[in-house]
Amino acid sequence: MPTGPSTASAADFIPASHSLAALRRAARNCHGCDLYLHATQTVFGAGRAHAPLFFVGEQPGDQEDRAGEPFVGPAGRLLRTTLQEVGIAPDDAYITNAVKHFKFIERGKRRIHQAPKRYEVKSCRPWLEAELGAVKPKLVVALGATAAQSLLGPAFKLTPNRGKLVAADIAPHVIATVHPSSILRAIDDDMRRRQLLAFRADLMAVAGALKELA
Ligand code: URA
Ligand code: SF4
């Protein structure tokens, strides 16, 4: 199977020092795939080294691309509110994405999000691995299918396994849940309410698992 238009990967840009500051600095110049060509900037993870929780989203959106920070738009607001509701302190959560550049198509003045291809997720994975190595979290949370598949492999099925503690090569303790933007896209208020309750239940499982692992 072709891996995509190029065999480049972020691996060629990982610096000798794996401190978070060195990684963040080096990621600014990553050309590991073509997504850097049109995005404003690399959006690296945010949070402290040794945070016990490590959240992985898909890729920065329009607002994140402009701000240079992950999860600062509507999906991020929903994530932070829900974390607060289940008693997870913001300082305990390192937040990053499977892919560090915004992928979009232009429609007039609007930039419409496009899902990254599997080879783009693979090209960017060395950054995720390096961040995991620097933060060494107790528990990793995959937000949505792209993150889950980067962390747990392409065979992982989100729906039957969401909210459950699973083991992976990349991290010993992983819980996958939906992406908060899927809740924002719910077809009506009733569905949104239900999806929000299920997301909150998954994050309560995260808070519970973290207490057990601490
Ligand atoms: N969605 C993501 O997956 N990541 C972000 O940083 C913002 C929105
Ligand atoms: Fe590098 Fe990832 Fe950006 Fe591709 S998406 S250029 S691999 S940082």
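The shell around ligand 2 comprises six nonpolar, three polar and one charged residues, where Ala, Val, Leu, Ile, Met, Phe, Trp, Tyr, Cys and Pro count as nonpolar, Asp, Glu, Lys and Arg as charged, and the others, Gly among them, as polar. This is a predicted model, in which local features need pLDDT of at least 70 and side-chain atom pairs count only at pLDDT 80 or more, while totals for chains, interfaces and linings use all residues. Residues are numbered from 1 along each chain as its sequence is written, chains are lettered from A and ligands numbered from 1 in the order in which they are written, and side-chain values use heavy atoms, with hydrogens and water left out.

Among the residues surrounding ligand 2 are Cys-30, Cys-33, His-101, Cys-124 and Trp-127, a residue being near if one of its heavy atoms lies within 4 Å. Cys-30 is buried, at a relative accessible area of 8%, and Cys-33 is likewise buried, at 16%, buried meaning under 20% relative accessible area with a 1.4 Å probe and protein chains only. The count of disulfides is zero, a disulfide being a pair of cysteine sulfur atoms within 2.5 Å.

The shell of ligand 1 divides into three nonpolar, five polar and two charged residues, including Gly-57, Glu-64, Pro-70 and His-179. Its polar contacts, pairs of N or O atoms within 3.5 Å, include these:

| Residue and its polar atom | Atom of ligand 1 | Distance |
|---|---|---|
| Glu-58, backbone | oxygen | 2.8 Å |
| Phe-71, backbone | oxygen | 2.9 Å |
| Asn-97, side chain | nitrogen | 2.7 Å |

The protein covers 93% of the 240 Å² of accessible area that ligand 1 has on its own, as given by the Shrake-Rupley method with a 1.4 Å probe.

Notes:
Polar contact = N/O pair within 3.5 Å; in protein donor to acceptor, adjacent residues only side chain to side chain. Buried < 20%, exposed > 50% of the residue type's maximum accessible area, 1.4 Å probe, protein only.
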